[in-house]
Amino acid sequence: MRRALELAERGLYTTTPNPRVGCVIVRGGQIVSEAWHEFAGELHAEAKALAAAGDKARGATAYVSLEPCSHHGRTPPCADALIHAGVARVVAAMRDPNPLVAGSGLARLAAAGIQTEHGLMEAEARELNIGFVSRMTRGRPWVRMKVAASLDGKTALANGTSQWITDPAARADGHHWRARSCAVLTGVGTVKVDNPRLNVRDVPTVRQPLKVLVDSRLESPESAQLFEGGNVLVFAAGEYPERARRLAARGAQIVVLPNAQGKVELAAMLEELARRGVNELHVESGFRLNGSLLREDCVDELLVYLAPSLIGEGGRGMFDLPEIAELAEQRRLRFVAVDRLAEDVRLIARVVR
């Protein structure tokens with residue numbers, strides 16, 4: 001199963017919107033074939049492993065990192081393929097949270113006389129597909145917010161200058177996280193000040209994530225770099241026909257989702273992204289949008305890079321959050337990992353709910 005998970009991780013940057021899945025087929029104590037799912041629409045891990053195993057799959061055990069599917073999508077059900085191949089046993093790390101499967105894959109195998117088990121290394125399997133699980137169970141992506149700051153928590157000078165606080169190693173690492181995400185989000189303020197491209201550059205990738213922009217009044221200049229190449233989804237709070245026309249001419253799609261304050265309804269935005277197949281949403285925005293996302297409980301994980309420097313008073317902070325009167329009102333986090341990247345420190349922390 002550990003090998004199946006290692007194989008599944010090879011699809012880290014490519015499988016969206018599908019989950020990352022690996023499969024290992026074992027017979028007589030020996031691995032006879034292995035495979036992983038690479039791209040949506042192509043063969044699933046089980047089907048590829050069975051094809052490689054041939055007749056050796058009969059009477060074998062299939063270790064798979066996610067319950068075999070039982071429904072017809074762009075490919076036939078993997079449960080049926082395992083049955084037809086004559087495997088004797090299927091061990092799944094976890095059940096598929098997709099309501100179209102949700103235990104029916106294992107049930108179909110059991111009904112065919114195949115021994116089934118699930119739960120082996122389940123925590124690792126869920127972690128690998130944390131975004132897919134979130135989309136299937138909560139109807140929203142897993143939202144990871146990236147912040148680069150000085151040791152005193154400043155992300156920019158008072159005038160907005162922020163390039164560069166962290167070293168190249170931290171910036172390259174940030175591109176790995178972009179690459180694994182289905183979409184990268186920023187706000188209009190960041191577009192105006194930093195003019196980001198929001199694409200993956202520092203690491204090899206065969207897929208660029210969807211670029212998502214929160215721009216309530218469609219104030220972003222159509223000359224902004226993130227519109228190059230299209231693939232941009234803009235969330236606004238009003239129609240603004242002329243501005244919308246100019247952005248649409250650059251390949252942007254506009255979605256209007258206003259809240260009562262005339263801003264974008266962020267929770268509804270996450271639901272819309274989930275409907276579009278976004279599993280993991282990577283946020284790289286300014287402190288105001290960061291604060292809004294946190295206040296509206298739209299963040300699951302913080303990816304923070306801290307540089308060994310001090311900017312001092314006047315610098316912009318990480319999050320625009322209201323003052324609290326008591327420590328009991330703190331927003332609690334749980335550290336998941338602390339790592340050194342060259343001269344910087346990377347912290348991964350998850351919001352405690």
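**A tour of helices and a sheet**

Helices α3 and α4 cross in a right-handed way (the near helix is turned clockwise from the far one by less than a right angle). This is a predicted model, where local features need pLDDT of at least 70, side-chain atom pairs count only at pLDDT 80 or more, and totals for chains, interfaces and linings use all residues. Residues are numbered from 1 along each chain as its sequence is written, and side-chain values use heavy atoms, leaving out hydrogens and water.

Select residues 78-85 for α3 and 104-111 for α4. Helices are DSSP runs of H or I with at least four residues, strands are runs of E with at least two, and both are numbered from the N terminus. The two axes come within 9 Å and cross at roughly 20°. Axes are lines fitted to C-alpha atoms, for helices over the stretch in contact, and angles run from 0 to 180 degrees between N-to-C directions. So α3 is roughly parallel to α4 (angles under 35 degrees count as such).

Now show the side chains of A79, D80, L82 and I83 on α3, then G105, R108 and L109 on α4. They make the contact (heavy atoms within 4.5 Å).

Move to the open sheet of 9 strands. Its order is β10-β9-β8-β7-β11-β6-β12-β14-β13, with mixed pairing; two strands pair if DSSP finds at least two bridges between them. Color β10 (252-256) and β13 (333-341): these are the edge strands, each pairing on one side only.

Next, select 210-214 and 232-236. These are β8 and β9, paired in the parallel sense over 4 bridges. Find V214: its bridge partner in β9 is F235.

Last stop: α10, residues 266-275. This helix packs on the sheet, touching β6, β7, β8, β9 and β11.

Terms used. Parallel < 35°, antiparallel > 145°, perpendicular 65-115°, else oblique.
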